[in-house]
Amino acid sequence: MFCYQCEQTDRSNIESGCATAKGMCGKDATTSDLQDLLIHAIEGIAQYAKRARALNVPNNAADEFILYGMFTTLTNVNFNATRFSTLLQEAATIRDQVKQSYMKAALAAGQIPEELTGSAVWQPAEDLEGLLKQAATVGINAGIEMVGPDIIGLRSLVLYGLKGVCAYAHHAYVLGKESATVYAGIEDALDFLSTAPTDAEALLNRSMALGTLNLEVMALLDDANTGSFGAQQPTQVLITPTLGKAILISGHDLGDLATLLEQTKDSGVNIYTHGEMLPAHAYPKLKAYPHLVGNYGGAWQDQQKEFAEFPGPILMTSNCIIEPLSQYRQRIFTAGPVGWPGVRHISDKNFAPLIQAAKALPGFKTNVSEKTITIGFGRDAVMGVADKVIDAVKSGAIKHFFLVGGCDGAASGRNYYTDFAEQAPQDTVVMTLGCAKYRFNQHDFGDIGGIPRLLDLGQCNDSYSAIKIATALAGAFECDVNELPLSLIISWFEQKAAAVLLTLLALGIRNIRLGPTLPAFLTPNLVQVLVDKFGLLPNTTAQADIEASLARIAA
Amino acid sequence: MNTHTIELMTRDGHQLRFNCADDQNLLAAAASAHIVLPAQCGYGNCGTCYADVTQGDYTLGKHNPAALSAEDAQKGGTLLCCTFPQSDLHIALPFDQDRILIGTIKNRCADIIGIETVGENTLRLALCLVEDEEGNQLAEFEPGQFMELNVPGQDIKRAYSLSNIANWEGRLEFLIRLQPDGLFSTWLKEQAAVGQRLQVQGPKGAFGLQESGLRPRWFVAGGTGLAPMLSMLRRMAEFQEPHPARLYFGVNRAEELFCQAELKALQLELPQLQVVYCVWKPEDDWTGFRGTPVDALEKDLNEMMVKPDIYLCGPPRLIDAAETIARALGVPIHQILSERFLPT
């Protein structure tokens, strides 16, 4: 295996990357290699899908497979080698269907169908050994001796950004929102990657184009979330347990949560959110269920301890699973793209076994004194008090805004975000999103003239809110976003964050502080390009970075 | 007395460490450090706690050669329950981390809810766990694992593989071969009744399904060695796992066959499952395979280009013969997994 797509990748050798029998995330070499091969197979689908679309025979079922398949290869999503063996066979079948419709449409249009090569002609080997042999030639590092690490790094930036785009588009898709423009953009990017591009300029431009495409995807997702469940409202959420039987739901899929809430209505079982599911409590149509009682635990990296202690079953939706320990392996269920060998998967949204498990498990048996946190400052809530916020800035009561957020991880050095948020001066406002917020969201930040100093915008999936708020503020002050008293302190872990970063860069937002470490796939040359072009800044210390931000020291 | 650092490496690459004095066996020292490793008898007889020492010196206590052959011992193979360290040790465990319990093995009570004769001299015993003090009722175990059953007030304790799968009703099922003059067998025949309460300890054991893409899975069972195979196949059906699967189920005489109805029902849920009934000493009217499951395995392995994962359970002689044949026909050692039924 070779994989360096996430922040925790092995950096103990000269060449960073996980390259032994098992990656830092727990993904074994077989699964990793099959994931590489699945990307190759998906590129083959896209080669035909793009051409079929140009001839007005788009195939949305193929695009749905592309979104799902790409999503399964993100960090901490699917670790099941068997699932990938099956997906590879499906990919070949779907590719052949799209190819057929393309050939037919081309001939009908009086064109000679193109003879495609590379991924387009791949045929899955019959057995695992054969598939692994095929995988050995198509990993992200393939051809590095010919093209060098900078080109491989740029291809990685495009591929990993694209994985994030697909994951967000899949979130929107499961809530009923899809877009032909988005599908066309994804097919085009995959088709581009299938050519093994070697032009640095073209690769960089492509990554910016993906950033722009991702903005459209984030808007689609925002529409899917607010359209399905209403706009987030500021809400007090209980973070202590309530007496009774309990189910814990983690990951990002609000649709799965809505289904579970409906299926557990009047069952006497309480539902708790974990990790990135926290913002669910702020959506009117979800918080209307009285048995959505509270939030339990912290960010994803704490799940092994928290799931082991939770006295009920756990449902892991969409992403962010880590190896289930034996203490809870029999009572964790996966849904959507998530998978772990030997763990029950619910593919049809029938959560009956989960509910049955909740009834057989003890639930919470003692009362504790209640604690709450406040969440739900999506763009509507913030824009609703825009006048107050603008006045506070004009009067000097608010000196600066920080957006401190993104995805969290287990690595040391992530205390930076706790320190940053807690040490931010009293006349500044901290906006946050993603699971990095758990590092400081129980801290009492107080308020500035009734405006809370900590504004929780939602999931990492709600980055669109942050962009809308920044754009609205820039509009109110008649300036560019880069001229606002706003600093972005972004923590990244996996490929969704890569997509959001590309969006911010594509919007021309400068001076983003990215940490806790820069992606291993960015070579020193590429980092220099990002620093020169976008003023991207690596983290130093929280105090120094706060001071530099307030002094508007820009790169 | 000296204390040594013992480093364990699981099959899936996880490391665990604990200390062990030179007069302490590794299994007991691990348990004192709250690392509960798959084991059963605790005195070198059953072979459940097999592992490979990759570095360091140790002494190996008295053990059953059927549980650890001299040849394996020569190559560093050992039984943790009778291994005493003479230096720091590195040990490779032949199973994944998920088979290690951090904590202590649970002792539970369970009521008999069914005793049924399923074949000549073979019973199915069904138990239902009693809710524990925390209100837990679910039966948590991995397919392939076993439980130890203990009759209260009587010094009768036996280990049996589970034949059902983890469930939320607390149900545990076992297939038990009645041994002439066996203590547990006699108790089952003469005293056991629905409603009686037993003590159960577990789950234990490292035997179970291994994840290896879509490689075919072949199961070879002798007699009640069928129990863990049924559990694994039922899990495959529950998870709708697509691996090609074959079961070779062997008995001496056709009258001894059992669970045919269950296997037929499983084939409806797992259409890719082929079942080969093997009768060693059949009557003239037997139309199925004539011979041992090892004979059937040899015949079919010869025709396979892709070598399957092979799961073996039953008497040691059957397992040894099957292992020898499989190795000779090119099945890599890591694709052969076995559970031996040794008398306890």
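**Figure 1. The loop of chain A that holds Pro516(A).** Pro516(A) sits in the loop between β15 (513-515) and α17 (524-534) of chain A. Helices (H or I, at least four residues) and strands (E, at least two) are DSSP runs, numbered from the N terminus. The peptide bond from Gly515(A) to Pro516(A) is cis, with omega near 0 degrees. This is a predicted model, in which local features need pLDDT of at least 70 and side-chain atom pairs count only at pLDDT 80 or more, while totals for chains, interfaces and linings use all residues. Residues are numbered from 1 along each chain as its sequence is written, and chains are lettered from A and ligands numbered from 1 in the order in which they are written.

**Figure 2. The cis peptide bond of chain B.** Gly202(B) and Pro203(B) are joined by a cis peptide bond, with omega about 5 degrees. Pro203(B) belongs to strand β15 (residues 197-204) of chain B.

Figure 3. His34(B) is a residue other than glycine, and its phi is positive, near 65 degrees. The loop between α1 (26-32) and β3 (35-36) of chain B contains His34(B). His34(B) counts as exposed because it has 11 C-beta neighbours inside 10 Å. A residue is buried if 20 or more other C-beta atoms lie within 10 Å of its own, exposed if 12 or fewer, and partly exposed in between, with C-beta atoms placed from the backbone. Gln240(B) is not a glycine either, and has a positive phi of about 50 degrees. Its place is the loop between α4 (226-238) and β17 (245-251) of chain B. Gln240(B) has 10 C-beta neighbours inside 10 Å and so counts as exposed.

**Figure 4. The crossing of α1(A) and α4(A).** The axes of helix α1 (residues 29-54) of chain A and helix α4 (residues 128-135) of chain A come within 8 Å and cross at roughly 65 degrees. Axes are lines fitted to C-alpha atoms, for helices over the stretch in contact, and angles run from 0 to 180 degrees between N-to-C directions. The crossing is left-handed, meaning that the near helix is turned anticlockwise from the far one by less than a right angle. Thr30(A), Asp33(A), Leu34(A), Asp36(A) and Leu37(A) in α1(A) meet Leu131(A), Leu132(A), Gln134(A) and Ala135(A) in α4(A). Two residues are in contact if their C-beta atoms, placed from the backbone, lie within 7 Å. By class, the residues of this contact are five nonpolar, two polar and two charged. Ala, Val, Leu, Ile, Met, Phe, Trp, Tyr, Cys and Pro count as nonpolar, Asp, Glu, Lys and Arg as charged, and the others, Gly among them, as polar.

**Figure 5. Domain 2 and domain 3 of chain A.** Chain A is divided into domain 1 (29-227), domain 2 (235-360) and domain 3 (378-550), with bounds from an automatic or database domain assignment. The centres of domain 2 and domain 3 of chain A, taken over C-alpha atoms, are 29 Å apart. Nine residues of domain 2 and eleven residues of domain 3 form the contact. On the domain 2 side, four residues are nonpolar, four polar and one charged.

**Figure 6. Chain B where it touches chain A.** In the contact, 23 residues of chain B meet 22 residues of chain A. The chain B side has nine nonpolar, six polar and eight charged residues.
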